[in-house]
Amino acid sequence: MHEWWRNAVVYQIYPRSFQDSNGDGIGDIPGIVSRLDYLAELGIDAIWLSPVYKSPGIDNGYDIADYQAIDPQFGTMADMDELIAEAGKRNIRIIMDLVVNHTSDQHEWFKQSRRSRSNPYRDYYIWRDGKNGVAPNSMQSTFSGSAWQEDSRTGQYYLHLFSAGQPDLNWANPKVRQAIYRMMNFWLDKGIGGFRMDVIDLIGKDPDHEIRENGPHLHDYLQEMNAATFGRGDFMTVGETWGATPSIAQKYSDPSRHELSMVFQFEAMQLDQEPGKEKWDTRPLQFDQLKAVLNKWQTQLDYRAGWNSLFWNNHDLPRIVSRWGDDGRCRVASAQMFAILLHLMRGTPYIYQGEEIGMTNCPVKSIAEVDDIESVNMYNERLAAGEAPAALIAAINKVGRDNARTPMQWADVPAAGFTSGQPWLHVNQNYHKINVAAAMAAPDSVYATYKQLIKLRHDEPIITNGDYEPIDSVPEAVMAYYRTYQKTRWLVVANLANAEATINLPDEIEKVLITNYSAVPATLINATLAPYQAFAVAVR
Ligand code: TEU
Ligand code: CA
């Protein structure tokens, strides 16, 4: 079991916001090529590239009109080939975003499908009769409202678990599955490193019984897909699965089942959500819950028969330093603490663009400044239901997706060096201080910590292979664990709070591996930790 991705670090690029090359204010593929040296220097092994396919862009590319064409906003297929080749020269693989739960309503398949009930593409999508003039059932869209849209041409409703412009494909139709596999092979043959699979746990849905996640044929489809496409080579696959438990994750990632390399699970990411409510309805994070969830996944997803992915951020989530850390005075220390805590666990870590310099959330004052379709739909729906605009803007500022999507902050120059034109989304004005150039120049920056963590993972097999043992005898705000491999034992300690804490551990420090304060305590007996202090030490 020595697949390359087991000790790899993946970097996610949201292309619209990474680097513009032609001054139109939209990040593009040539822009990414121009920043490959930066990524090689950071030390990453692969790029997960959010969608660059032809798309009307109502969900910023997660609504695909042609899987085998590049959207002109992002460049050309020749640019894409160059990106794969230039990344390859730097030992960086490109992981494409595979969005196959749905297409855009502008996809040729859907244009055909909606024409008539007898069109050969009709069964590529999920069409049902209404019930007494209303939707077939009560399934809801993730982006607000009913998941069924009536289409006047044929009088039936089609299913869309996201926006109405994102009709769900009918995976029960073998023709759909074969067409998807042909498309996947087109990309694999180009030399990409694998796929990140958007909401893949939805493809087995049973709409007539209102089953969305983990439907009856989900794992059959994935095994069929594996055999027809990436199973033939050394590819990495990661499924986005909001509803995975450790035992479900093991089904996907047990190598003997021939499905995926790993999945993203979101249990920790939902801890600050009011139970039974929506993501907008938040409550404070409880440290004991975060610790319990992280420890559970480390200990219960058996590494001999499964694999974890490790992340704090992506293009759908608020910035971790603003969410659970401190994006004010302790920004650097808290961002580093989260990095040290996560990157020394077992699994494949993902860094979302800007995380490596501690980029923060970016609050707005009014809905006019918001681009994200999920936030805008929520705002309109709840406004109509009588909620106060100020409360809705506060929720968007806390957890809205635009927080992660503001342009990458490269330098203290106009538009943060992202574009020479007008950026498609506002640049966070803290770019004067928080930017790549400043971070690379400072030896104790968030960037320096990420770079060191990536190097440690590549150099030290204990991180990929070692056993994991949680430590219970620490205060509530402190998370600590041991990693053990052959004769080596590491202790990782992270103070999650903006307050001092005292730990009392018997171990003797042999060597400091990484720290976010200039010194670690001389002894671990009754040792005081500073706010957000984190370190890893080899112990006896
Ligand atoms: O996200 C899946 C998804 O369910 C999200 O909409 C999630 O619930 C929400 O954003 C949490 O804030 C994937 C993509 O990552 C997302 O960008 C797409 O909008 C969505 O699928 C549809 O393709
Ligand atoms: Ca551009």
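In this predicted model, the residues that donate to the calcium ion (ligand 2) follow the sequence spacing D-x1-N-x1-D-x1-I-x1-D. The protein donors are Asp 20 (OD), Asn 22 (OD1), Asp 24 (OD), Ile 26 (O) and Asp 28 (OD), and they lie 2.3 to 2.4 Å from the ion. Asp 24 has a relative accessible area of 37%, so it is classed as partly exposed. Asp 28, in turn, counts as buried because its relative accessibility is 3%, and buried here means under 20%.

Attention now turns to ligand 1, which sits in the largest pocket. Around ligand 1 there are 17 residues, and the closest are Asp 59, Asp 198, Lys 279, His 315 and Asp 316. Sorted by class, this shell contains nine charged, five nonpolar and three polar residues.

Several side chains place polar atoms beside oxygen atoms of ligand 1. For His 315, one of the closest residues, the distance from a polar side-chain atom to a ligand oxygen is 2.8 Å. In the side chain of Arg 196, an N or O atom is found 3.1 Å from an oxygen atom of ligand 1. Glu 374 also takes part, with a polar side-chain atom 3.2 Å from an oxygen atom of the ligand. Ligand 1 would expose 490 Å² if taken alone, and the protein buries 94% of that area.

Definitions and conventions:
Residues numbered from 1 in each chain as written. Chains lettered and ligands numbered in written order. Predicted model: local features only at pLDDT ≥ 70, side-chain atom pairs only at ≥ 80, totals over all residues. Heavy atoms only, no water. Near = heavy atom within 4 Å. Polar contact = N/O pair within 3.5 Å; in protein donor to acceptor, adjacent residues only side chain to side chain. Areas by Shrake-Rupley, 256 points an atom, 1.4 Å probe, with all protein chains shown as cover. 1 Å grid on protein atoms, 1.4 Å probe; cavity = no way out; pocket = protein on both sides within 12 Å on 5 of 7 lines; lining within 4 Å. Sits in = over half its atoms within 2 Å of the grid points. Nonpolar A, V, L, I, M, F, W, Y, C, P; charged D, E, K, R; others polar. Donors = N, O, S within 2.8 Å, 3.2 Å for Na, K, Ca; no water. Buried < 20%, exposed > 50% of the residue type's maximum accessible area, 1.4 Å probe, protein only.
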